[in-house]
Amino acid sequence: VQLWDATTGAALQTLKGHLSWVYSVAFSPDSKQVVSGSSDHTVRLWDATTGAALQTLKGHSDWVRSVAFSPDGKQVVSGSDDRTVQLWDATTGAALQTLKGHSSSVSSVAFSPDSKQVISGSDDRTVQLWDATTGAALQTLEGHLSWVYSVAFSPDGKQVVSGSSDYTVRLWDATTGAALQTLKGHLSSVHSVAFS
């Protein structure tokens with residue numbers, strides 16, 4: 001994992017420890033830590049200033065495709081080819097919850113702005129909403145015709161967006177799970193989505 005100075009472009013740190021490809025990285029809300037997910041089946045936490053390895057989170061049995069910090073900085077979420085979503089304590093590295101419900105690889109995970117919910121997108125063509133405290137499944141959003149590559153919450157937490165290999169972007173109501181919009185125009189897979 002490489003850290004760079006965003007102003008000068010200078011290389012600041014090279015975080016070494018993963019034994020295979022790194023698929024996803026994210027900063028903690030206070031910018032003091034970095035989390036990474038790898039095809040070596042692990043999630044790693046790093047000190048963003050020193051580059052020191054802080055934790056190696058083991059629990060997935062397959063490639064880790066996506067990682068994210070909760071906005072309150074207390075938890076980390078990871079999604080894997082083992083079809084699970086894992087919640088971890090960002091301080092201790094302890095496994096908090098294993099969220100099971102997807103029938104295929106989990107490609108993307110994200111926290112809601114209030115850190116109370118997690119969203120996941122999967123190759124099973126669904127988007128799942130979960131309670132980040134209890135691990136309970138809250139909603140299954142169905143409508144995509146192929147793999148869901150990317151998911152994100154709106155800044156107010158009221159909507160969810162998803163991008164898929166069915167060439168569409170979809171908007172959903174995060175409370176009811178209702179489909180709000182299907183955005184068509186791409187001529188190939190949508191690999192990443194975000195709200196303004």
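Predicted model: local features only at pLDDT ≥ 70, side-chain atom pairs only at ≥ 80, totals over all residues.
## Hairpins, an open sheet and a few side-chain contacts

In the hairpin that β11 and β12 make, five residues lie between the strands, and S115 takes a positive phi near 70°. Residues are numbered from 1 along each chain as its sequence is written, and side-chain values use heavy atoms, with hydrogens and water left out.

Strands here are DSSP runs (E, at least two residues), numbered from the N terminus, and two strands are said to pair if DSSP finds at least two bridges between them. Strand β11 (residues 106-111) is paired with β12 in the antiparallel sense over five bridges, and across this pairing F111 stands opposite V118 in β12. On to the next partner: β12 also pairs with strand β13 (residues 126-131), again antiparallel and over five bridges, with Q117 standing opposite D131 in β13. The hairpin of β12 and β13 has three residues between its strands, and R125 in the turn has a positive phi of about 80°. Strand β12 (residues 117-122) is mostly covered, since five of its six residues are buried, where buried means under 20% relative accessible area, exposed means over 50%, and partly exposed lies in between (1.4 Å probe, protein chains only).

Another part of the structure shows an open sheet of four strands in the order β3-β4-β5-β6, with antiparallel pairing. Because β3 (22-27) and β6 (53-58) stand at the edges and each has a single partner strand, one side of each is left without a neighbour in the sheet. Neighbouring strands of this sheet are turned by 20° against each other on average, direction ignored, the axes being lines fitted to C-alpha atoms and angles running from 0 to 180 degrees between N-to-C directions. Within the sheet, five bridges join strand β5 (residues 42-47) to β6 in an antiparallel run, and L45 stands opposite Q55 in β6.

The side chains of R65 and D81 meet in it, at 2.9 Å from N to O. Since R65 lies in strand β7 (residues 64-69) and D81 in the loop between β8 (75-80) and β9 (84-89), the pair ties together parts that are 16 residues apart in sequence. R65 is partly exposed at 27% relative accessible area, whereas D81, at 16%, is buried.

The charged end of R65 also sits over the ring of Y23, 4.6 Å from its centre, which requires CZ of Arg or NZ of Lys within 6 Å of the ring centre and within 35 degrees of the ring normal. Y23 itself belongs to a cluster in which ring pairs link W21, Y23 and W63. There are four aromatic pairs, and rings of Phe, Tyr and Trp (its six-membered ring) pair if their centres lie within 6.5 Å, with planes under 30 degrees apart counted as stacked, over 60 as edge-to-face and the rest as tilted. The rings of W21 and Y23 have centres 6.3 Å apart and planes at 75°, so this pair is edge-to-face. W147 and Y149 are likewise edge-to-face, because their ring centres lie 6.2 Å apart and their planes stand at 85°.

Key. Salt bridge = Lys/Arg side-chain N within 4 Å of Asp/Glu carboxyl O.
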